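I opened this structure for the first time today and kept notes as I went.

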Amino acid sequence: MSLRRTYLPLDPEALRLLQREGTVLAEGAAATGYAVTAAVVAELANADEEEREYDALLEAAAQAGVGATGRRRVVAAADLPTAAVEDLPGGYAEVRVTGPVSGERVVAFHVDETVAHEDADLLWYDVTELGDVLRLLEQP
């Protein structure tokens with residue numbers, strides 16, 4: 001099975017759901033994610049894959065910041081079956097993700113270093129550190 005790295009903006013509710021039920025997206029549900037698309041490749045033609053992935057991550061972080069006043073942005077990096085990820089027409093890095101997306105597909109979390117700071121560095125957390133990420137979100 002071919003996999004595609006996809007970045008999913010998450011809010012605290014989604015993280016608690018992941019902790020409680022082991023899923024980010026239920027079967028049959030759909031959500032917008034972010035990934036390296038043809039548009040990203042065209043825009044960053046001279047970049048390597050890592051730079052393109054980082055660009056998709058930043059797009060997801062920007063979306064995670066919408067309406068996130070007073071809290072840190074969180075993005076989950078997940079390796080999803082390519083059949084579950086479809087580029088959105090006319091989009092840049094936006095993709096449509098169809099569920100289910102189990103916690104087993106999540107490989108890492110990226111979290112703002114500081115609260116509600118759009119240009120803050122994103123810290124990397126292993127998927128096993130979900131509890132730490134949730135505690136971090138509770139901090140002012």
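**Strand pairing**

I looked up β3 (residues 30–34) and found that, in this predicted model, β3 pairs with β6 in the antiparallel sense over 5 bridges. Within this pairing I noted that tyrosine 34 has glutamate 94 of β6 as its bridge partner.

I then turned to β5 (residues 85–87), which also pairs with β6 in the antiparallel sense, over 3 bridges, and here glutamate 86 stands opposite arginine 96. The hairpin of β5 and β6 has 6 residues between the strands, and I found glycine 90 there with a positive phi near 80°.

**Helix α4**

In α4 (residues 130–138) I listed Leu130, Val133, Leu134, Leu136 and Leu137 as buried. They lie on the same side of α4, because they cover an arc of only 160° around the axis. I checked what they pack against, and found α1 (12–21), β4 (74–81), β8 (106–112) and β9 (122–126).

**Interior**

The largest nonpolar core has 25 residues, of which Leu10, Leu15, Val74 and Phe109 touch the most other members. The largest share of this core, 5 residues, comes from α4. I also noted a second, separate core of 13 residues, which includes Tyr7, Val40, Ala64 and Val75.

Key. Residues numbered from 1 in each chain as written. Predicted model: local features only at pLDDT ≥ 70, side-chain atom pairs only at ≥ 80, totals over all residues. Heavy atoms only, no water. Buried < 20%, exposed > 50% of the residue type's maximum accessible area, 1.4 Å probe, protein only. Helix = DSSP H or I, 4+ residues; strand = E, 2+ residues; numbered from the N terminus. Arc of directions from axis to C-beta. Contact = heavy atoms within 4.5 Å. Pairing = 2+ DSSP bridges. Core = buried A, V, L, I, M, F, W, Y, C linked by side-chain atoms within 4.5 Å.
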